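Welcome! Keep the sequence and the 3D view side by side as you read.

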Amino acid sequence: MRKSAFNPILKAVFLFGAMAFISTGCSDEESLSALNTQSSEDVLTRSVTETSTDSLFVANEVLIKFKTDASSSDKDSALSKVSGTVAEKILTHSMKQAGDNEGLLLVKTPENVLNAVGKLKKLTVVEYVEPNYIYTIDEIPNDSYFTDGLLWGMYGSATSPANEYGCGAATAWAGGHTGSNDIYVGIIDEGYMYTHEDLAANAGTNPGEIEGNKIDDDGNGYVDDMYGWNFADNNNKIFDVSTDDHGTHVAGIIGASGNNGIGVAGVCWNVKLLNAKFMNKKGGTTADAIKAIDYFTELKKAGVNIVATNNSWSGGGYSQALYDAIERANVAGIIFVAAAGNDGCRNDVLPTYPASYTNSNIISVASITSTGELSYFSNFGVKSVDIAAPGSGIYSCIPQKIKGKAVSAYASYDGTSMAAPFVTGAAALYLSTHPNAKASEIINAILSSATPTPSLLGKCVTGGRLNVSGF
Ligand code: CA
């Protein structure tokens, strides 16, 4: 996950290597803190003056939420101010169930996005208008470096220094606590390789859908969404061998099959994985992120036992539309686990979204190393980052392309992208042993059982690392 796209310095340096990123990216936190007190418009303006905004949001698109009393002619008049045309009306079932019959408009405009936002936000009929931000995954290029224990993140034994700082899942497993096939998690990410040898047993399917009959059996608006839905391409193909390694790696940390004699083991040996693919290698947009989040909210309301979504991505600025979608998930009782970001920065000073939204269902996750240090790339924040989990040298599932076909493979990745799914897995593991636990109780269990860790003191709310040994 990458931190605020509003820091163009960070963005630019990231391209040239992580160490340079650290040495210069956060050296000016005091001046960066000024950003926090400015309006989003000011921040946008600042970013424009410093660098190209090409990768921050989709060019020539804005998301508009009109006030409920805006008439058709009011809307037409507003759109005409930016020569705008409606590309899509986003009105999910979750929005309607929340009493919103208008939804959001994704509008194309020939104008510069910031100019269009500036013009439209002044209109009294507009509740809010935002760029269609671009989010990216939070993975750090890894040079295959890792220490003794391939799966150190799953252990947590003080008698084995190589594994000491893991999350303690192995202790839970030893007690017979290995998850449950009745519990679902939503992976909001790239797609994932649901046919991977270590994931297939835990590849969940939409129980309301019948595969391949070309009918939207459960009436959720998506035809044949068996393993999830591809919001980036608007179809049911959630796996592409060329693009979905990050999503597959995340899936393996949450729920690779354990004790099956192959590959790796996830925090939950038994769980049901579902996927909302909204990113490809170019990233994903606010418009698609909202639909992805609402997808799981609607499945949960339809009776699918979704405990949490994993969100190992970030970018953009504050989006009211994204906040509202996360809140709909909150009301439905879904925990939203978010990677804290990979800028090595303090999120209290420069927020990273979605991790830094204030919705009570968010758990923001930093990354630690196998020696118990905060990972050099990890964002932190004593007010805004909740807990740390293993995120350096994490070995998990990936697809490999051999002669054009997808083959099950494994690799070690770094990133808060890898730390978040440990916590998502923890939520599913806790629910498996406490089947009546509410989302708030699961969050409390995860945070209150964190093991105090010196490197995390003053760096996150709990000052500790994930410990699921008692789950
Ligand atoms: Ca369907």
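Are Glu209 and Asn220 buried or exposed? Both Glu209 and Asn220 are buried. Please keep in mind that this is a predicted model.

- Glu209 and Asn220 are eleven residues apart, and both sit in the loop between strand S5 (179-189) and strand S6 (228-230).
- That loop between S5 and S6 is also the place of Lys214.
- Lys214 has a positive phi, near 60 degrees, although it is a residue other than glycine.
- With a relative accessible area of 71%, Lys214 is exposed, whereas Glu209 and Asn220 are buried.

- Strand S11 covers residues 335-339, and five of its five residues are buried.
- What lies on each side of S11? Ile335, Val337 and Ala339 are on one side, Phe336 and Ala338 are on the other, and both faces are covered.
- Strand S9 (residues 306-311) runs parallel to S11, and four bridges join the two.
- Within that pairing, Asn311 has Ala338 of S11 as its bridge partner.
- Strand S12 (residues 362-368) also pairs with S11 in the parallel sense, again over four bridges.
- Here Val337 stands opposite Ile363 in S12.
- The loop between S11 and S12 holds Pro354.
- A cis peptide bond joins Tyr353 to Pro354, with omega at about 15 degrees.

**Two buried side chains to look up**

- Where is Ser319? You will find Ser319 in the loop between strand S10 (313-314) and helix H11 (320-332).
- Ser319 counts as buried because its relative accessibility is 0%, and the cut-off for buried is under 20%.
- Leaving aside residues up to four places away in sequence, Ser319 touches Glu130, Tyr133, Tyr135, Thr286 and Tyr357.
- Thr416 belongs to helix H12, which spans residues 416-433.
- Why does Thr416 count as buried? The reason is its relative accessibility, so a value of 0% puts Thr416 in the buried class.
- A polar atom of the Thr416 side chain lies 3.1 Å from the backbone nitrogen of Gly341.

**Helix H7**

- Helix H7 takes in residues 113-120 and is mostly covered, with six of its eight residues buried.
- The buried residues in H7 are Val113, Leu114, Ala116, Val117, Gly118 and Leu120.
- At the start of H7, a side-chain oxygen of Asn112 comes within 2.8 Å of the backbone nitrogen of Leu114.

**Cavities inside the protein**

- How many cavities of 30 Å³ or more does a search of the whole structure find? The search finds two.
- The largest cavity holds about 70 Å³ of space.
- Its lining is made of 14 residues, and Leu151, Met154, Ile394, Tyr395 and Phe422 lie nearest the centre of the largest cavity.
- Helix H9 (245-255) and strand S14 (394-402) each supply at least two residues of that lining.
- S14 gives the most to the lining of the largest cavity, namely three residues.

**One more backbone detail**

- Asn60 is found in strand S1, which covers residues 57-66.
- Phi of Asn60 is positive, near 60 degrees, in a residue other than glycine.
- Asn60 counts as partly exposed because its relative accessible area is 31%, and partly exposed lies between the 20% limit for buried and the 50% limit for exposed.

Conventions:
Residues numbered from 1 in each chain as written. Predicted model: local features only at pLDDT ≥ 70, side-chain atom pairs only at ≥ 80, totals over all residues. Heavy atoms only, no water. Buried < 20%, exposed > 50% of the residue type's maximum accessible area, 1.4 Å probe, protein only. Contact = heavy atoms within 4.5 Å. Pairing = 2+ DSSP bridges. Polar contact = N/O pair within 3.5 Å; in protein donor to acceptor, adjacent residues only side chain to side chain. 1 Å grid on protein atoms, 1.4 Å probe; cavity = no way out; pocket = protein on both sides within 12 Å on 5 of 7 lines; lining within 4 Å. Points joined across faces, edges and corners; volume = space filled by probe spheres on them.
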